[in-house]
Amino acid sequence: MKLFKIISYLSFIGLLFTLGCNKQSEGEKLAQTYCGSCHLFPEPSLLDKATWKNNILPIMAGQLGLQFVNGEVYPDIRKGDNGKYESISSISTEDWAKIVAFYQENAPEKLPAQARESISAITDLFSVKPISIPKSSFPSVTYIKIDAGNQQIYVGSDALFSIYDKNFSPILSQKVSETIVDIDFENDLKKAGSRSGFLTNIGILNPNDLTTGTLHPFSFAGKSGFTQNAALLDSLPRPVQSNALDLDKDGLIDQLICGYGNKNGALFWYQNKGKNVYKKNIIREFPGAIKAYIDDVNKDGLPDIWVLFAQAQEGIFLFTNKGKDTASVTQFEEKEILHFSPVHGSSYFEMTDLNNDGFKDILYTSGDNADYSTHLLKNFHGVYGYLNDGKNQFKQAFFFPIHGCFKAIARDFDKDGDIDIATIAYFPDTKNQPQEAFVYLENKGNLAFKPFTIKEANVGNWLVMDAADIDADGDEDIVLGNFDRVKRQSRNGSAKDTSVLVLMNRLK
């Protein structure tokens, strides 16, 4: 009888514990239903309690049709077509309170620190040369590219298109009415010659859902003769990249557009119908398409598309070209390769062979902090490597933490036979680790990296970066473009600040 009482008591305690867990998990279940309906469910551990309470959850409440009045939550009311007032809320205030409680109970007081020591070693691999753009009112570089064949640097900055030679002397500085964020060249930049292609104008740079973006054909030869034609395509939703290619294999060049947008946007392509007539086709109608790579993945002769989406439903997707349907429209089969939380801050990716096994791997950066939690340094920001098993299944091989990491380029910079990585951070820890703004990760073997920086890392806010051989000496050089977040007095007290930083590789 005594044993039975003990068992009964323990069973009763277990029941209470189970009921307590079920009560706690009710908020989690609601959060997974509502917070995971538009994007990957965000775990409470991603942000601290204060950020969830004061920054993220109020925005989420508004998305669900709730409003705050004198600190209290109420369903938002609208006047319907019938003249009566009705709630537009998709959730009750009671259920919303359970979601708030779930995040408050499970989020940390503060995020853990990065799992690494501070970066202090200075690399001697590069010599550093700053460039200022005289006509620019303040550093505002939105595009930068090395033309190795012509040994030139292209810079888009403050409605200027500038070209510099290998000695960093200006060749051209031409005013343009657009904000250039991408150039799709028709030529091989490893070979000398004239240049032509398409300029992508984002329209208004700051987040918006206006369709003010355009795509312009251009040509350039020698030290002059830069010609920009009228827009080939207009009314684009904040485009950030274009690719000219024959997607439907009809012999005409189409245009693939990453329309980043804001709340609205899409990955889409314009089918060339001939005689300057283009038909718009949506591939994925979600905002955030930021970078596309073209590859014939299944070797069927049709171009397939890898794309990083960096807004809301963050992730890397593969769109396999399935050819034309019965209506003669090219179709794409969508597959999610990797997915990330909506606060992850996806910023860039490359398809490159990281471990020299013959398969293209994924180099990915997380660090866009221009969101509702911009004040918070996130320990999961940095550069990630995902290895391909040969069947396009990817597994994380490494992660190096860098606050606000914005781009990473994989090259064998030191020419020792393995892949190194150069990174920039637009949102580094400026107070404690400004050197995070540029980090060179030297591969010491088996994707184990030793971090280095440069003395000049914090002379700018590095938004864009490129790597190629400027001086034709057989090694990879680097250029960084500065986009100051505010129009501020420069660090040296002058009105002109460093717009471009050139890192010349010292290897011979």
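Predicted model: local features only at pLDDT ≥ 70, side-chain atom pairs only at ≥ 80, totals over all residues.
## Loop residues with positive phi

Gln151 is another non-glycine residue with a positive phi, here about 55 degrees. Gln151 is placed in the loop between β6 (141-147) and β7 (152-157). As background, most residues other than glycine have a negative phi.

## Helix α2

Helix α2 covers residues 49-63. With 15 residues at 1.5 Å a residue, α2 should span 21 Å, and its end C-alpha atoms are 20 Å apart, so the two values agree. The helix has a kink of about 40 degrees at Ile56, shortly before the proline Pro58.

What caps the N-terminal end of α2? The cap is Asp48, which has a side-chain oxygen 3.3 Å from the backbone nitrogen of Ala50. Just after α2, Gly65 takes a positive phi of about 90 degrees.

The buried residues in α2 are Lys49, Thr51, Trp52, Ile56, Leu57, Met60 and Ala61. In general, an α-helix has 3.6 residues a turn, so residues three or four places apart point the same way.

## Aromatic pairs around Phe126

The structure holds 26 aromatic pairs. In one of them, the rings of Phe126 and Phe413 have their centres 6.1 Å apart and their planes at 75 degrees, so this pair is edge-to-face. Phe126 lies in strand β5 (residues 126-131), while Phe413 lies in the loop between β27 (405-411) and β28 (420-425), so the pair ties together parts that are 287 residues apart in sequence. Phe126 and Phe413 are both buried.

Phe126 also pairs with Tyr440: the ring centres are 5.7 Å apart and the planes stand at 90 degrees, so this pair is edge-to-face as well. Tyr440 belongs to strand β29 (residues 438-443) and Phe126 to strand β5, so the pair ties together parts that are 314 residues apart in sequence. Phe126 counts as buried because its relative accessibility is 3%, under the 20% limit. Tyr440, at 1% relative accessibility, counts as buried too.

## Aromatic cluster and charges over rings

Which residues form one aromatic cluster? They are Tyr154, Phe161, Phe185, Phe218, Phe220 and Phe226.

Charged side chains also lie over aromatic rings. Lys280 is placed over the face of Phe268, at 4.5 Å from the ring centre. The charged end of Arg284 sits over the ring of Phe317, 4.1 Å from its centre.

## Strand residues and their contacts in space

Is Lys175 buried or exposed? Lys175 counts as exposed because its relative accessibility is 59%, over the 50% limit. The residue is in strand β9 (residues 170-175). Lys175 and Ser162 are 13 residues apart along the chain, and their C-alpha atoms are separated by 8.7 Å.

Ser347, in strand β23 (residues 346-352), is buried, with a relative accessible area of 7%. Between Ser347 and Gly404 the separation is 57 residues in sequence and 9.2 Å in space, C-alpha to C-alpha. Ile409 lies in strand β27 and counts as buried at 2% relative accessibility. From Ile409 to Ile421 the separation is 12 residues in sequence and 5.5 Å in space, C-alpha to C-alpha.

## Cysteines

How many disulfides are there? The count comes to 0 disulfides, where a disulfide requires a pair of cysteine sulfur atoms within 2.5 Å.

Cys258 is buried, with a relative accessible area of 1%. Cys405 is buried as well, with a relative accessible area of 0%.

Notes. Residues numbered from 1 in each chain as written. Heavy atoms only, no water. Buried < 20%, exposed > 50% of the residue type's maximum accessible area, 1.4 Å probe, protein only. Phe/Tyr/Trp six-rings, centres within 6.5 Å; stacked < 30°, edge-to-face > 60°. Helix = DSSP H or I, 4+ residues; strand = E, 2+ residues; numbered from the N terminus. Lys NZ or Arg CZ within 6 Å of the ring centre and 35° of its normal. Expected span 1.5 Å × (residues − 1). Bend = angle between axes of the 7 residues up to and from the residue. Polar contact = N/O pair within 3.5 Å; in protein donor to acceptor, adjacent residues only side chain to side chain.
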